[in-house]
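Here are my notes on the model you sent over.

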Amino acid sequence: MALKRHGLMRRRRAVGLTQERLAEALRVERSTVARWESGKTSPQPWIRPRLSELLQVSAEELSELLVVSSADKQHLTERTQYAMRYPSRVDLAAVAELRYGMQSLGERYDRMPSAALLAHAGEHASRVAFLAGEAPAGRVQREMRVLQADAATFMGQLVWDASQRRDHATARSYYAQSVEVARHLRDPNAEGHALLRTSYVALYGAGDY
């Protein structure tokens, strides 16, 4: 499965730069730019400010563009779009795609500010919650509910971090959703994770209770 920085390529083209012209402006070889876009190497920290300037993006946006993604991304997106149009037909393949999306968000969480991920993560969590409610009973529904609990916990963590540990109420509401779903599933691992996060918030937000 080919992996590339599709976002980086699209942005370069959007600002009217070829690989050769971008390389010239950065004083590197064209093959260096090609390796960045193929995901084989990454721009060195010292060159990133200039790269951001040439691509007309912020440092945070550049970090987003440097995420390596699968060449099958569009195909997988179409599968999720089909599930959203016909939610009662959601299947394990769509569940796998949605879980991959959560994993990708988790990986970016380690590299990007939480505030930059909030909108995308919120949309993803909303799709998961909707499909979990519409999925056919059985294994597909259970897998969707497990993913829903994970997504709610992740959203609570993002909100709390993005608010600089001030928005205790919203974080707790997401964790409460996760606990409720996990208890319904009788999944002690998911429930324990959400409760642990809730305890962290309690240490900082006890006065809000």
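1. Helices (H or I, at least four residues) and strands (E, at least two) are DSSP runs, numbered from the N terminus. This is a predicted model, in which local features need pLDDT of at least 70 and side-chain atom pairs count only at pLDDT 80 or more, while totals for chains, interfaces and linings use all residues. Residues are numbered from 1 along each chain as its sequence is written, and side-chain values use heavy atoms, with hydrogens and water left out.

2. Now the overall picture. The protein chain has eleven helices and two strands, and from the N terminus on the order is β-α-α-α-α-α-β-α-α-α-α-α-α. Its C-alpha atoms fill a box of roughly 60 × 45 × 25 Å along the principal axes. Of its 209 residues, 40% count as buried (buried means under 20% relative accessible area, exposed over 50%, partly exposed in between, with a 1.4 Å probe and protein chains only). Taking contacts (heavy atoms within 4.5 Å) with a separation of 6 or more, 61% are between residues 24 or more positions apart.

3. Next, have a look at α9 and α10. Helix α9 covers residues 139–162 and helix α10 residues 168–185; their axes come within 8 Å and cross at roughly 160 degrees. The two are therefore roughly antiparallel to each other (angles under 35 degrees count as roughly parallel, over 145 as roughly antiparallel, 65 to 115 as roughly perpendicular and the rest as oblique). Their crossing is left-handed, a term used if the near helix is turned anticlockwise from the far one by less than a right angle, with right-handed if clockwise. On the α9 side the contact includes Arg142, Arg145, Val146, Ala149 and Trp160, and on the α10 side His168, Tyr174, Tyr175, Val181 and Leu185 are among the residues involved. By class, this contact has eleven nonpolar, eight polar and two charged residues (Ala, Val, Leu, Ile, Met, Phe, Trp, Tyr, Cys and Pro count as nonpolar, Asp, Glu, Lys and Arg as charged, and the others, Gly among them, as polar).

4. The loop between α9 and α10 holds Gln164. Its phi is near 60 degrees, a positive value in a residue other than glycine. Most residues other than glycine have a negative phi. Is Gln164 buried or exposed? At 57% relative accessibility, Gln164 counts as exposed.

5. Helices α7 (residues 92–109) and α8 (residues 114–134) pack at about 160 degrees, with their axes 11 Å apart. They too are therefore roughly antiparallel to each other, and α7 passes α8 in a left-handed crossing. The contact is made by Leu98, Gly101, Met102, Leu105, Arg108 and Tyr109 of α7, facing Ser114, Leu117, His120, Ala121, His124, Val128 and Leu131 of α8. The class count here is eight nonpolar, four polar and one charged.

6. While you're there, check Thr80 in helix α6 (residues 73–85). Thr80 is buried, with a relative accessible area of 9%. Apart from neighbours within four places in sequence, Thr80 contacts Glu97, Leu98 and Arg127.

7. Which residues of helix α4 (residues 48–55) are buried? They are Leu51, Ser52, Leu54 and Leu55. These cover an arc of only 165 degrees around the axis, which puts them on the same side of α4; the arc is that of the directions from the helix axis to the C-beta atoms. On the other side of α4, Pro49 and Glu53 are exposed. The cover over the buried residues of α4 includes α1 (6–14), α2 (19–26), α3 (30–38) and α5 (59–65). Gln56 follows α4 and has a positive phi, near 60 degrees.

8. Helix α3 has its own buried set: Thr32, Val33, Trp36 and Glu37. Seen down the axis, they fall within an arc of 135 degrees, so they line one face of α3. After α3 comes Gly39, with a positive phi near 85 degrees.

9. Last, Arg27 sits in the loop between α2 and α3. Arg27 is not a glycine, yet has a positive phi of about 60 degrees. With a relative accessible area of 78%, Arg27 is exposed.

How values were computed: Axes are lines fitted to C-alpha atoms, for helices over the stretch in contact, and angles run from 0 to 180 degrees between N-to-C directions.
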